[in-house]
Amino acid sequence: MNYKSLAAKAVEAKSKALPTYSNFHVGAALITKDDKIYTGCNIESSSYSLTICAERTAIFKAISEGERKFKAIAVVGDTEGFISPCGACRQVISDLCGDIDVVLVNSKNETKVMKTSELLPFAFSDKDLK
Ligand code: THU
């Protein structure tokens, strides 16, 4: 699967978003080393801080199904520019997916590929806990 198709899966997932308070719809699609795709959307809570981002929804779905090795994650919002994953998601991508391709998608379905390590240089990691 190429990144245009992965981006299309993220766009599809965005239609499931539940951004009750922000009205900011986000979709994500995570592809495993075996080309299996897990999608996610943002889901908001009336206790705002309990909101979960699209990226973490997709990642936690995949991890909870036993997946451990990933190639890329695509993220899309209704933004003219390329959406920028939040700091919490950068940390979780770094911890659980490693230095993968992060495919940023804008509202015209254009893509920009960045590495996790570019988005989160000098990351805190499990190595710091030893
Ligand atoms: N959001 C995401 O789902 N992913 C991001 O990378 C940025 C922010 C969500 C969280 C919240 O539901 C809404 O966008 C506004 O912050």
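How many nonpolar, polar and charged residues are in the shell around the ligand? By class, the shell comprises 6 nonpolar, 4 polar and 2 charged residues. The model toured here is predicted.

**Select the ligand's surroundings.** Begin with the ligand and display the residues that surround it: Ser22, Phe24, Val26, Asn42, Glu44, Thr51, Cys53, Ala54, Glu55, Ser84, Pro85 and Cys86.

Select Asn42 next: an N or O atom of the Asn42 side chain is 2.9 Å from an oxygen atom of the ligand. Then select Glu55, whose side chain places an N or O atom 2.5 Å from an oxygen atom of the ligand.

The volume of the largest pocket is about 180 Å³. To find its centre, select Phe24, Val26, Asn42, Cys53 and Glu55, the closest to that centre of the 15 residues that line the pocket. Two of the residues already visited, Asn42 and Glu55, are included in this group.

**Colour the lining by class.** Finally, colour the lining of the largest pocket by residue class: 9 of its residues are nonpolar, 4 are polar and 2 are charged.

Notes: Residues numbered from 1 in each chain as written. Predicted model: local features only at pLDDT ≥ 70, side-chain atom pairs only at ≥ 80, totals over all residues. Heavy atoms only, no water. 1 Å grid on protein atoms, 1.4 Å probe; cavity = no way out; pocket = protein on both sides within 12 Å on 5 of 7 lines; lining within 4 Å. Points joined across faces, edges and corners; volume = space filled by probe spheres on them. Nonpolar A, V, L, I, M, F, W, Y, C, P; charged D, E, K, R; others polar. Near = heavy atom within 4 Å. Polar contact = N/O pair within 3.5 Å; in protein donor to acceptor, adjacent residues only side chain to side chain.
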